[in-house]
Amino acid sequence: MSHWIGTANHGFASLAMEELRRQINGIKFTQLIAGEVFKMEVPLSREEMLDLIQTNEPIFLRHIQPIDRALPIHGNADDLQALSELMRGARMRCEEGTTAIHLRRLDGTPFIYSAADTKAVLDAVIMELGGETTMQSPDQIFSIFAAAEELYVGWGTPSEQLSDWPGGAVRFQREEGQISRAKFKLLEAERAFKVYFETFREALDIGAAPGGWTHLLLERGLRVTAIDPAELHPTLAAYPRLTKMKKNASDVNFPANTFDLLVCDMSWSPMQMAKLVLEKTDALTDGATAIITIKLMHKKPLQTIRDVISKLETAFELKKAKQLFHNRDEITLYLVKR
Ligand SMILES: C[S@@+](CC[C@H](N)C(=O)[O-])C[C@H]1O[C@@H](n2cnc3c(N)ncnc32)[C@H](O)[C@@H]1O
């Protein structure tokens, strides 16, 4: 038996729980934050659970934290004292590599300390133990969830927790003159899927306007063909490596083997999108990468996703399907042309 905290994008916890229920017989859930964060009691050991999540990662599970200990909250300095004691008991862990402290708080939790205060105190303990602390790319994370009555505390690596951000909430700095928020989705996909765009040459962006994704690919040094009946942002005109096509994507054709990257963010009927992408596969080189968002319609999202994936699998191998933090009512697919 093991206990965990699972997190999904707001409003998607029920889908994450459904995916987990289908994989784990006898799993029990308790809500911590409506639609978003839940506690799990799992009839599997910690190792079995980690294995299962790693080999069959649920699309809607953004973050998972083990509950190694549950500490009662006193609402005063005793809480920091108890966390510090717990850390002192983990001296061996602290010596193993760099540690990050992540704190998440339920609204109204009696735990009175902010993430910064908690981190400052625990960082000092880690250093006193001869360990090293970090914010970025830690070897391990000491995660704390301050709930209504208890602090749920657990250790894990970023890969075990599915993210190196607290609760998987990836934050990017907004840039001046940023064309669209959509750019964050592609930035997050780049990291989450470890698809480094500068290693590609020639991209096709279907549904490109206003141009956030196109802009990122241009910044990464690619040549980009951007198709959209809507206007692209005027600042993109400065890039000579951009070819604009102000058209519906179903009305354009390209020579075979032209693009080694296809990105598509059309916010359109998922089955129509899949049909349109499949029409373009001849224009892709063998082994070309595709990053595609699937808009979730109100009816049966898991079924829609399965249907779209099996359609795309006639030409592509699915590498990963994930609801990224910056995805709203959609998920992102990472595929490679067969
Ligand atoms: C969510 S926006 C794309 C945002 C873009 N990724 C960005 O970073 O700015 C969706 C776009 O898809 C375009 N679109 C929808 N259907 C299309 C089609 N059949 N062919 C080309 N573009 C299409 C829409 O005009 C719209 O501009």
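Mentor: In strand β3, V37 is the bridge partner of I33. Strands here are DSSP runs of E with at least two residues, and helices are runs of H or I with at least four; both are numbered from the N terminus. Strand β2 (residues 28-33) is joined to β3 by 5 bridges, and the two run antiparallel. Two strands count as paired if DSSP finds at least two bridges between them. The hairpin of β2 and β3 has 3 residues between the strands, and G35 takes a positive phi near 75° there.

This is a predicted model, in which local features need pLDDT of at least 70 and side-chain atom pairs count only at pLDDT 80 or more, while totals for chains, interfaces and linings use all residues. Residues are numbered from 1 along each chain as its sequence is written, and side-chain values use heavy atoms, with hydrogens and water left out.

V37 of β3 is also the bridge partner of T7. Strand β1 (residues 2-7) and β3 (residues 37-42) run antiparallel, joined by 6 bridges.

T7 has a bridge partner in β4 as well, namely H63. Between β1 and β4 the pairing is antiparallel and spans 4 bridges. Strand β4 (residues 63-66) is covered on both faces: H63 and Q65 lie on one side, I64 and P66 lie on the other, and all are buried. Buried means under 20% relative accessible area, exposed means over 50%, and partly exposed lies in between, with a 1.4 Å probe and protein chains only.
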